[in-house]
Amino acid sequence: MNLRAATAALVLGLTTLHAAPAQAANILPNPGFESGLSGWTCSAGAQAVASPVHGGASALRATPQGSDLARCGRQVSVRPSSAYTLSAWVQGGYVFLGATGTGGADPQTWGSPGAAWTRLHTTFTTGPSTTSVTVYLHGWYGQGPYLADDVVLDGASGEQDTSAPSVPGGVSAGGATATSLDVTWSAATDDVGVTRYEVSRDGGSPVAVTGTSHRVTGLSADTTYRFRVRACDAAGNCSAYSPEASGTTTAAGNGGDGGLPERVLVGYLHASFANGSGYVRMSDVPQEWDVINLAFGEPTSVTSGDIRFSLCPAAECPGVESDADFAAAIRAKQAQGKKVLISIGGQNGQVQLTTAAARDAFVESVSAVIDRYGLDGLDIDFEGHSLHLDPGDTDLDAPTTPVVVNLIAALKSLKSRYGDGFVLTMAPETFFVQLGHQFYGPGPNGAADPRSASYLPVIHALRDDLTLLHVQDYNSGPIMGLDGQYHTMGGHDFHVAMTDMLLAGFPIMGDAGNVFPPLRQDQVAIGLPASVNAGNGFTTVTEVQKAFGCLATGTGCGTYRPRGVYPGLRGLMAWSINWDRHNGFEFSRSHRAYLDGLT
């Protein structure tokens with residue numbers, strides 16, 4: 001969120017201390033923390049205090065610590081299709097108030113009231129099948145403690161739903177390819193509303209979907225599979241499973257994945273710069289790596305679109321090979337079945353294709369680098385301010401922001417130029433992808449960061465051409481998962497939650513009518529730091545493999561339970577090959593052996 005939004009935005013969410021208290025039918029239990037934190041789920045450091053208070057004898061005091069925003073939340077029963085007003089009295093540097101799981105655009109408001117009790121308030125309307133929401137408060141990074149008291153949720157109290165939906169009918173499996181089948185069924189009915197369907201393959205753990213069709217990917221060619229479907233409502237009541245329907249995939253074809261193995265390790269090679277990890281010659285890249293991304297190609301200026309790549313200068317990288325030896329080593333790696341890509345962007349390489357001329361320059365200059373070294377494709381690692389969404393650009397299928405539209409056109413042009421064997425990968429940060437579950441561009445009130453989730457329309461438009469998406473599960477703040485909870489980097493649950501969002505799909509800004517559809521399992525890898533020196537959020541070998549096992553086999557899961565089992569999950573990406581060598585090859589050797597051992 002952009003904390004430097006105009007003062008006018010604050011006025012909409014704040015009422016001064018002298019305003020008369022709202023007359024509300026409060027359905028929120030323990031709203032003034034008179035029973036301590038009973039019923040509330042809070043981060044460490046939260047407590048009920050006797051002073052200062054706004055009303056009664058207690059108030060909430062919570063302190064953000066590092067990446068922990070000191071969130072306190074509680075679930076409340078509500079009625080579908082009903083209007084609610086949410087408010088709270090707060091003190092502190094920055095305080096946020098909101099609700100999740102509303103079935104529509106989840107509300108959030110914030111203020112910076114300082115030491116005076118100030119009222120935050122917002123409104124929302126529940127979706128047609130919503131029976132509970134989670135109300136929350138939290139602070140902000142690097143800020144001091146905040147206080148909250150007399151939280152009010154004004155609206156109709158929810159009623160317990162104990163009736164299961166009807167059994168879905170007409171289940172069939174068709175639309176066969178060598179690796180996928182389309183399962184379809186008729187809509188079920190429910191006294192409140194069906195919120196999801198669960199599709200089980202061959203009696204296995206189900207995958208949750210929101211519509212009445214599901215494309216099952218990562219299948220084997222010329223193989224028959226059995227499917228059954230059940231319907232569930234928001235209260236967790238599920239119907240019996242439907243009768244099974246069978247479908248058979250076609251014989252093996254090209255696959256369009258650039259000829260990569262079933263499980264891949266992707267690594268970035270510091271080819272154009274040094275950063276303390278030591279230079280690694282192309283010929284010395286270990287055999288464990290399947291995809292080698294040359295970091296980085298950068299533009300001559302931010303908006304030129306003219307991408308250049310050159311090897312690290314000898315003064316900066318002692319031992320750097322000649323350009324001819326570098327090219328020869330690339331050919332040798334390719335002869336061994338490795339793929340070598342040029343990666344564009346990185347932390348310092350801002351690329352903004354604001355014009356058609358920049359778009360065309362991008363295509364021609366990237367092609368020149370690819371042709372010069374005979375590379376296998378392209379990796380997009382746009383960070384910083386390369387991408388954003390203009391106000392009103394909310395249609396995932398038809399983006400209008402020039403930097404997004406021109407990038408999509410440029411990548412489609414390159415894919416068309418080089419054909420089906422062209423490897424296209426992307427390495428966005430969680431801020432540009434999974435954050436879209438809460439924020440998309442500047443948001444309806446224009447106060448959010450316009451870069452929020454701005455990769456989503458690019459990924460969506462290129463999903464049929466995309467070989468791999470390996471989101472950087474590091475250098476990230478807490479991100480809300482599909483369970484409505486915030487997840488923090490560094491442990492297996494973060495990787496499971498972030499990857500589950502890509503493979504199950506997720507509603508953008510919580511809007512069930514605007515969903516980022518799931519990617520194929522073979523398109524997704526998990527992005528990680530190769531060592532503690534490589535980036536914030538380093539995850540140990542044990543925790544990484546625990547996450548991968550949970551996602552790929554459904555076993556060994558922690559607190560977060562993914563919406564399905566994803567046996568086709570493709571592999572792991574690391575920043576970087578150089579940092580891995582610096583750390584004694586722990587990442588590549590441990591994870592190569594693990595991936596090769598999976599069935």
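**Helix 9**

I started on the outward side of helix 9, where Ala593, Asp596 and Gly597 are exposed. I'm keeping in mind that this is a predicted model.

Next I checked how long helix 9 is. The helix covers residues 586-597, 12 residues in total. From the first C-alpha to the last I get 17 Å, close to the 16 Å expected at 1.5 Å a residue.

Which residues of helix 9 are buried? My list reads Phe587, Ser588, His591, Arg592, Tyr594 and Leu595. They sit on the same side of helix 9, because the arc they cover around the axis is only 170°. A reminder to myself: an α-helix has 3.6 residues a turn, so residues three or four places apart point the same way.

What do the buried residues of helix 9 pack against? I found two helices in the list, helix 7 (541-553) and helix 8 (577-582). The strands there are strand 19 (264-270), strand 30 (525-529) and strand 31 (571-575).

**Asn578**

Helix 8 came up as a packing partner of helix 9, and I picked out Asn578, which lies in helix 8. Is Asn578 buried or exposed? Asn578 counts as buried, because its relative accessibility is 0%.

I then looked up where its side chain goes: the side chain of Asn578 reaches the backbone oxygen of Gly278 at 2.9 Å. Leaving aside neighbours within four places in sequence, I noted contacts from Asn578 to Tyr268, Leu269 and His270, and also to Ser277, Gly278, Tyr279 and Val280.

How many bridges join strand 14 to strand 17? I have seven, between residues 194-201 of strand 14 and residues 224-233 of strand 17. Glu198 stands opposite Arg230 in strand 17.

**Around strand 5**

Last stop: strand 5 (residues 72-77). Strand 5 pairs with strand 2 (residues 41-42) in the antiparallel sense, over two bridges. Here Cys42 stands opposite Cys72 in strand 5.

Strand 5 is also joined to strand 10 (residues 132-138), again antiparallel, by six bridges. Which residue in strand 10 does Cys72 stand opposite? I wrote down Leu137.

Technical notes
Residues are numbered from 1 along each chain as its sequence is written. This is a predicted model: local features need pLDDT of at least 70, side-chain atom pairs count only at pLDDT 80 or more; totals for chains, interfaces and linings use all residues. Side-chain values use heavy atoms; hydrogens and water are left out. Two strands pair if DSSP finds at least two bridges between them. Helices (H or I, at least four residues) and strands (E, at least two) are DSSP runs, numbered from the N terminus. The expected span of a helix is 1.5 Å times one less than its number of residues. Buried means under 20% relative accessible area, exposed over 50%, partly exposed in between (1.4 Å probe, protein chains only). The arc is that of the directions from the helix axis to the C-beta atoms. Contact means heavy atoms within 4.5 Å. A polar contact is a pair of N or O atoms within 3.5 Å; within protein, one must be able to donate a hydrogen and the other to accept it, and residues adjacent in sequence count only if both atoms are side-chain atoms.
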